[in-house]
Amino acid sequence: MTGEKNLQTLLASMRPVLREGEYVYVLWPHGRPLAGHVEAAVREAEGLTVVLPRTEADALDLPYDFVAAWITLEVHSALEAVGLTAAVSRALTQARISCNVLAGFHHDHLLIPVADSARALEVLAELSAANAPEPEPVREVVLRSEQPGDRDALLALTAEAFAVSPVTGLPVEGEAVEVKVLRELFDAEEYLPEFSIVAELDGEIVGHVISTRAWVEDLELLGLGPIGVTPRLQRHGIGTALMRETVVRANAAGEKGIALLGSTEYYPRFGFVPASSLGVEAPDKKWGDHFQLLPLALWPGGVHGTFRYAGPLAAV
């Protein structure tokens, strides 16, 4: 099978998958027959380097220093393709994540520090999304406020949209946390019916976004999320339409700003900036620049304080 050569296509279609277990690099003892489950090997003038599961190295009493998680980029890249590993390495470097690359016939493989595995998957997902072609909007989509009787369909859509974790890229076991949060937001004091917006296509609910009351000190703001689109129609402009409708409604209602936790590649296109740059601190400092804020037309400036989400979101 011929591998893909176009860099943008490779980046847009790569699917990073985290292997189970931990892996180590070992300098194989000279003259000792190979043993254990060797995943990769490189012969150099100085000796033979092998990569194998950490449990195997421990069982064979082989020393090692670097303990890695193994991520496979499940896109079939041609061996002569130019730029894929450079783009991936650059993105991980910018996130201060070290990366060792192994190229196989079918896929490229990344060995990164175990502690950075979740963040690395997030960085790779953002890189892929940033290189996706601009979708053609679905012209027939109707945006409207949530109506009585929509909620079962909205919870089902959210379960479908988050069946695969946006952080790990792996299937979610049991009910996604976004479904539980949405169910509780519907009944929360901070629920704002005009900011529960539904996208409908030919009578079918295909997208939903909700924003609820939130605060910085005494200043009322909106906390956006979750936002979901049925998987078969993702990257068709429905999420973009829901975001823009939220901003239009918020400005019309005299809201001051909207905050969210999300991709630093996707949300800046709507005007979101790191919340800390506007004096607003995230509820969790580990969120860093992923906690973002959109100052609206009536943003007062001079704001300082920690953002407080609606109860169900604050409890996550």
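## Aromatic pairs

This structure holds 12 aromatic pairs. Rings of Phe, Tyr and Trp (its six-membered ring) count as a pair if their centres lie within 6.5 Å; planes under 30 degrees apart are called stacked, over 60 edge-to-face, and the rest tilted. Take tryptophan 287 and phenylalanine 291: their ring centres are 5.8 Å apart and their planes sit at 45 degrees, so this pair is tilted. Are these two residues buried or exposed? Tryptophan 287 is partly exposed, at 23% relative accessible area, while phenylalanine 291 is buried, at 1%. Here buried means under 20% relative accessible area, exposed means over 50%, and partly exposed is in between (1.4 Å probe, protein chains only).

Phenylalanine 307 and tyrosine 309 give us an edge-to-face pair, with 4.9 Å from centre to centre and 80 degrees between the planes. Phenylalanine 307 is buried at 2% relative accessibility, and tyrosine 309 is buried too, at 11%. There's also an aromatic cluster, made up of Tyr266, Tyr267, Phe270 and Phe272.

## A quick word on the model

What you're looking at is a predicted model, where local features need pLDDT of at least 70 and side-chain atom pairs count only at pLDDT 80 or more, though totals for chains, interfaces and linings use all residues. Residues are numbered from 1 along each chain as its sequence is written, and side-chain values use heavy atoms, with hydrogens and water left out.

## Charges over rings

A charge sits over a ring if NZ of Lys or CZ of Arg is within 6 Å of the ring centre and within 35 degrees of the ring normal. The charged end of arginine 19 does this with tryptophan 70, at 3.9 Å from the ring's centre. Arginine 151 does it with tyrosine 191, its charged end being 5.2 Å from the centre of that ring.

## Salt bridges

How many salt bridges does the whole structure have? A search finds 14. To count, a side-chain nitrogen of Lys or Arg must be within 4 Å of a carboxyl oxygen of Asp or Glu. In one of them, aspartate 150 meets arginine 144, at 2.8 Å from N to O. Aspartate 150 is buried, at 7% relative accessibility, and arginine 144 is buried as well, at 14%.

Arginine 144 also forms a salt bridge with glutamate 200, where the closest N and O atoms are 3.1 Å apart. Arginine 144 lies in strand 8 (residues 142-145) and glutamate 200 in strand 9 (residues 196-201), so the pair ties together parts that are 56 residues apart in sequence. Strands (E, at least two residues) and helices (H or I, at least four) are DSSP runs, numbered from the N terminus.

Now back to arginine 151, which has a salt bridge with aspartate 187, the closest N and O atoms being 3.8 Å apart. Arginine 151 is in helix 5 (residues 151-161) and aspartate 187 is in the loop between helix 6 (177-186) and strand 9, so this pair links parts that are 36 residues apart in sequence. Arginine 151 is partly exposed, at 27%, whereas aspartate 187 is exposed, at 66%. As for networks, salt bridges that share partners join Arg144, Asp150 and Glu200 into one.

Which residues of helix 3 (residues 84-94) are buried? They are Leu84, Ala87, Val88, Ala91 and Leu92. (The arc is that of the directions from the helix axis to the C-beta atoms.) An α-helix has 3.6 residues a turn, so residues three or four places apart point the same way.

The face turned away from the buried side carries the exposed residues Thr93 and Gln94. What covers the buried residues includes helix 1 (7-13), strand 5 (67-73), strand 7 (108-113) and helix 4 (117-130), with contact meaning heavy atoms within 4.5 Å.

Most residues other than glycine have a negative phi, and most peptide bonds are trans. Arginine 96, in the loop between helix 3 and strand 6 (100-103), has a positive phi, near 60 degrees. Arginine 96 is also exposed, at 77% relative accessible area. Arginine 235 has a positive phi too, near 65 degrees, and lies in the loop between strand 11 and helix 7 (238-252).

Finally, a cis peptide bond joins glycine 225 and proline 226, with omega about 0 degrees. Proline 226 is in strand 11 (residues 219-229).
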